Amino acid sequence: MAAEPTDLELVQEVLAGRIEQFEILVRRYQRLVATAALRMGVPRQEIEDVANEVFYKVFRSLHRYEPSHALSTWLYRITVNAALDHKRSRRHDAKSDELSPSLADDRPGQDETAGDRERAALLREALQRLPDHYRTPLVLTHVEGMPIEEVARALDLPEGTVKSRLFRARAQLKEILRRHYPGLVPPGLVEASS
Amino acid sequence: MSRRTQEERDLALWAEATLSPLRRQSAEVDVASLVMRRIAASRPRPVASILPIRWHRPAWAATLVLGCAAVLLLTTTAIVMVANGDEGARAAITLAGAGGTLLLRGTAAAGGVLRGLLEAALAMGRGGWAVLDAASPLVRAAGVMAAFCGAMSIGFSAIVVSRAQRHAPVIGRAPWTRGSWHTLNGGFS
């Protein structure tokens, strides 16, 4: 069986004119992009549009991809920007319209229980109360599980800035949960969080 | 470990545990065909060729030869028509002649206007130069007069100032001069 082409090989082939190879990249990363968009607060029914936009942007700017970094990092960066753009474009809508899709979102992901879904919906709502520049590094670090240096690369920020924003984001989130969602604080960590 | 570092670690652990339900969330989409269709629609489509590539050069050569032949045929036809005294050809020749005459006369008239303008500008320039030439002694005399008046004014001002200094009343000496006890708070000298 032939080995699967690497991301870099596929990128080079697309840049050489074999555009059909881009479909392999899309299929390889569409779950990552969709999940990242969901975790960044994009309502589930609009994720397809955001993912479509992300991959179209990736194709248009593929010549700017730096192979020294992982393609996934670059994709995270474009997805984060697309999610923020999406949020800005929806800002003129009513607040309930912004929050309801997440709350009404009842389709389960893998390994999800009903309690998890409810907690996730409330957490997404709580995260929406954070400013974008705090929420983004927090989600990339604690939800996407990216190391600090990769978050810094994805957001094009110095590592020190990411660390300080993370610290403030955690503190703000803790305060938001304490005030508005006391039930969301994990029971074992009540002492540490107080 | 410092208190701040410990606090940061506690906060990181807290965030990790608190946000864990979001980590189990995922989304599935299939946008591959949509994206590929969009990309295809945004790219300019090449014009399909009806000939295989190896026929392209002979096709170009044939087009050139046929083009030259068409020009030759047209010229020959025109010559034959003129030679046989065709009415259309005669009308065309008359029209071309009238157009040529009109073009020549128009060009000549425009040249005349331009020449007239240039001559007028030159005449004005020459007149201006003559006026300047005639007025130069007057200008020089005016300059000398102005300089003389300026010098007189400076001399007169100097005399007035020196007289005023000589006759001005003395109201005290500056505090830094010798023998002076003038102080800021009203001392005596």
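**Close-up views of a two-chain predicted model**

**View 1. Helix 6 of chain A and its buried residues.** In helix 6 of chain A, the buried residues are Arg119(A), Ala120(A), Ala121(A), Leu123(A), Arg124(A) and Leu127(A), where buried means that 20 or more other C-beta atoms, placed from the backbone, lie within 10 Å of the residue's own. Helices here are DSSP runs (H or I, at least four residues), numbered from the N terminus, and strands are runs of E with at least two residues. The 15 residues of helix 6 (residues 114–128) should span 21 Å at 1.5 Å a residue, and because its end C-alpha atoms are 21 Å apart, the two values agree; the expected span is 1.5 Å times one less than the number of residues. This is a predicted model, in which local features need pLDDT of at least 70 and side-chain atom pairs count only at pLDDT 80 or more, while totals for chains, interfaces and linings use all residues. Residues are numbered from 1 along each chain as its sequence is written, and chains are lettered from A and ligands numbered from 1 in the order in which they are written.

**View 2. Thr35(A) and its surroundings.** Thr35(A) is found in helix 2 (residues 22–39) of chain A, and it counts as buried because 22 other C-beta atoms lie within 10 Å. Leaving aside residues up to four places away in sequence, Thr35(A) touches Ser26(B) and Ala27(B), a contact being a pair of residues whose C-beta atoms, placed from the backbone, lie within 7 Å. The C-alpha atoms of Thr35(A) and Glu144(A) are separated by 9.1 Å, although these residues are 109 residues apart along the chain.

**View 3. Helix 7 against helix 9 in chain A.** Helix 7 (residues 132–142) and helix 9 (residues 159–180) of chain A pack at an angle of about 95°, with their axes 8 Å apart; axes are lines fitted to C-alpha atoms over the stretch in contact, and angles run from 0 to 180 degrees between N-to-C directions. That makes helix 7 of chain A roughly perpendicular to helix 9 of chain A, a description used for angles of 65 to 115 degrees. Among the residues making the contact are His133(A) and Tyr134(A) of helix 7 and Val162(A) and Arg165(A) of helix 9.

**View 4. The side of chain B that touches chain A.** The contact takes 28 residues from chain B and 43 residues from chain A. Helix 1 of chain B gives the most to its side, with ten residues. The secondary structure of chain B comes to five helices and zero strands.

Methods:
Contact = placed C-beta atoms within 7 Å. Buried ≥ 20, exposed ≤ 12 C-beta atoms within 10 Å, placed from the backbone. Parallel < 35°, antiparallel > 145°, perpendicular 65-115°, else oblique.
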